[in-house]
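The sequence and structure come before the details.

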Amino acid sequence: MADVTGDLGRCLEGVQGLGHAVILLGPPGAGKGTQAQRIAQRYSLPHLSTGDMFRDNIDRDTDLGRKAKPLMERGQLVPDEIVVGMVADRINQPDCAKGFVFDGFPRTLQQADDLEHIAKRNQLGCTIVLHMVVNPELLMRRLTGRRICTAAGHIYNIYQRPPRRDSVCDLDGSPLIHRADDSEDVIGGRLAAYDKQTQPLVKYYTLRGLLSPIDAMAGVDAVTENISRILDGVMAPR
Ligand code: AP5
């Protein structure tokens, strides 16, 4: 393993006694965001989606957003040093002291090494990696059919989980959008990036005994039940 002394490590020095880190690992469209929202609610933990953080920076036209935008438009990963700096800032917020749910992080071996370093140095309770296993043929339909609520990020699918009213969120009435990178040509790049850069994390976490495979082809509620069975052994629902 690399001797990691990256940005994440430096930024978090001195933060002691963090709670558990739950990591949702899986390809685009596996259901990471859908399940992360539910886990966050069940265990009262913040949901840390690096994709959402980048989209927020793009909307606010920050320096970070301007760097990430062209890469995301092509379905490529944002460089590690940008990602870990952003994650470090977020984890330093007080609401993360009792743990957090990562959705889309780590996504490279370097990011995983950085996180492992932090976990050791800052006495993170434990790292739980939920590997969302899905047949690749399902992913294109899940992603092209996805619609997202603009107010709170509630996730729908026009084929399998449609809203009651077309393009309107059932829960808060806000408009639903189709993500710019959910077009077929960009999805191909995102899946290729996953296979090349993120898939190696399955072995990485298996070797460390941290990986729990989850059948992410089951219905949304069944997936939540399976995840809850694992997490309830480690954390109390709140
Ligand atoms: P990010 O926003 O993280 O996107 P992603 O990983 O491609 O994942 P998605 O959000 O597309 O899918 P998901 O697994 O969350 O599925 P969802 O629950 O929505 O990243 C975007 C970009 O940001 C990257 O390409 C990269 O450029 C950059 N980036 C982000 N993090 C980075 C990092 N760490 N390093 C470098 N770059 C980074 O579900 C999908 C659809 O399926 C929905 O319609 C949903 O309703 C449906 N669905 C979900 N579960 C089920 C089910 N069980 N049954 C049926 N339908 C289901």
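## Ligand shell

At least two residues of the shell around the ligand come from each of α2 (32–43), α3 (50–59), α7 (136–144), β6 (155–157) and α10 (220–232). Helices (H or I, at least four residues) and strands (E, at least two) are DSSP runs, numbered from the N terminus. With four residues, α3 gives the largest share of this shell.

The model is predicted: local features need pLDDT of at least 70, side-chain atom pairs count only at pLDDT 80 or more, and totals for chains, interfaces and linings use all residues. Residues are numbered from 1 along each chain as its sequence is written, and side-chain values use heavy atoms, with hydrogens and water left out.

## Composition and contacts of the site

The ligand is surrounded by 37 residues, the closest being Thr34, Gln76, Arg107, Arg146 and Arg190; a residue counts as near if one of its heavy atoms lies within 4 Å of the molecule. By class, the shell holds 16 nonpolar, 12 polar and nine charged residues. Ala, Val, Leu, Ile, Met, Phe, Trp, Tyr, Cys and Pro count as nonpolar, Asp, Glu, Lys and Arg as charged, and the others, Gly among them, as polar.

A backbone N or O atom of Gln76 is 2.6 Å from a ligand oxygen, and a polar backbone atom of Lys32 is 2.9 Å from a ligand oxygen. At Val78, a polar backbone atom lies 3.0 Å from a ligand nitrogen. Of the 1,000 Å² of accessible area that the ligand has on its own, the protein covers 97% (Shrake-Rupley method, 1.4 Å probe).

## Helix pair α5 and α6

The axes of α5 (residues 80–91) and α6 (residues 109–121) come within 10 Å and cross at roughly 35°. Axes are lines fitted to C-alpha atoms over the stretch in contact, with angles from 0 to 180 degrees between N-to-C directions.

Asp80, Val83 and Val84 of α5 meet Gln110, Gln111 and Asp114 of α6, contact being heavy atoms within 4.5 Å. The residues of this contact divide into two nonpolar, two polar and two charged.

## Backbone features

Most residues other than glycine have a negative phi, and most peptide bonds are trans. Phe105 and Pro106 are joined by a cis peptide bond, with omega about -5°; Pro106 is in the loop between β3 (99–103) and α6. Ser44, in the loop between α2 and β2 (47–49), has a positive phi near 55°.

Notes
A polar contact is a pair of N or O atoms within 3.5 Å; within protein, one must be able to donate a hydrogen and the other to accept it, and residues adjacent in sequence count only if both atoms are side-chain atoms.
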